[in-house]
Each structure stands twice: as C-alpha cells, then as structure tokens.
Amino acid sequence: MVETTFLQLRNFSWLPANTHSLLHGDSTLKNSLVKTDGTLAVVDWDNALAGDPMYDLAYFEFVHSGTVGEREYRRALRNAYGLEAGPGGSNDEKRIEYYKKLLALSAVNWYLRHGDYDKFQVALEKLKEPSRLDRWMKE
C-alpha cells in the first residue's frame, strides 16, 4: 500500500511548475479565527513557508476531516484562496487530493519511526481511504 501510493504520487502530473505563495504551514482550527461574516484571520505563522497554496487546504482537510467546525472553516479557507466550495476535477482539487495522500504517507512514516503505533494505524487507514485522486490517476 505504501509503495503503491508513493509510485502513484511520484507520477502526478497536475502540479504547477512554479508556484510560489506564502503558506501558513499549519492551517488548523486552533490557528484560525472566523468572523460571523465569513472573514478568516489566521494566527501563529511560525511554520510559514513558500509553495503551492493548495497544500494549506489539504493540510487542513487532512487534519480536520469530520471534526466540529470543519465545514464552516473549510468554506472560509477555500473562499480566502478563491476556490469554489464544491467538489470537482479541477487542477486545484486534484492538487488538494495529492497533498492529502502525501500527508498520509508522511504521517505513516513519522508514526512508525517514532513508535506511536496507535497513530500509525490511524494514518495508515487514511492512506487506504479511497479518494478521487485514485480515479483521476487512471484518466
């Protein structure tokens, strides 16, 4: 499973060649404030980096999938990045799914190396979850 995912991600062709944006690097609910009008404020920028902005969206969705407040924040975050809230096959959506798989692969490696087998199992389950990326890779 891990090797197959790695090989699939290595051949991913939808990543832009030169995407240089400021990323938060830790886009989670604890680092965010959403006003009643939907305005998003992000705090705690100590993990900031440059890269593809879809990584921040993927990081949030990977960490918070199914948690309380996740849908509202996801909507605000996607609006801040200029994305529509609905699913689709756009390059942005494909990149988000790519980064979520990459994060799962990284988490599997991290928890296994550090002996946290409970979290390793959770990360492995996320890696095994079917995603739209699996379908898009076959197109």
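Reader: What is the relative accessibility of Asp 92?
Author: This is a predicted model in which local features need pLDDT of at least 70 and side-chain atom pairs pLDDT 80 or more, while totals for chains, interfaces and linings use all residues. Residues are numbered from 1 along each chain as its sequence is written, and side-chain values use heavy atoms, with hydrogens and water left out. Buried means under 20% relative accessible area, exposed over 50%, and partly exposed in between (1.4 Å probe, protein chains only). Asp 92 counts as partly exposed because its relative accessibility is 24%.

Reader: Which residue meets the side chain of Asp 92 in a salt bridge?
Author: A salt bridge places a side-chain nitrogen of Lys or Arg within 4 Å of a carboxyl oxygen of Asp or Glu, and for Asp 92 the N to O distance is 2.8 Å. Both partners lie three residues apart, about one turn, in helix α4, where a helix is a DSSP run (H or I, at least four residues) and a strand likewise (E, at least two), numbered from the N terminus. The partner of Asp 92 is Arg 95.

Reader: With which residue in the loop between β4 and α2 does Arg 95 pair?
Author: Arg 95 meets this second partner, Asp 52, in a salt bridge of 2.6 Å, N to O. The pair links distant parts of the chain, 43 residues apart, with Arg 95 in helix α4 and its partner in the loop between β4 (49-51) and α2.

Reader: What volume does the largest pocket have?
Author: On a 1 Å grid over the protein atoms alone, a pocket is an open set of points where a 1.4 Å probe fits, with protein on both sides within 12 Å along at least five of seven lines, and lining residues have an atom within 4 Å of a point. The lining includes Glu 61, Arg 74, Glu 97 and Lys 101. Volume is the space filled by probe spheres set on points joined across faces, edges and corners, and here that space is about 260 Å³.

Reader: Which helix gives the largest share of the lining of the largest pocket?
Author: Two helices, α2 (54-64) and α4 (91-113), each supply at least two lining residues. Lys 101, one of the lining residues, is found in α4 and counts as buried because its relative accessibility is 8%. The largest share, four residues, comes from α4.
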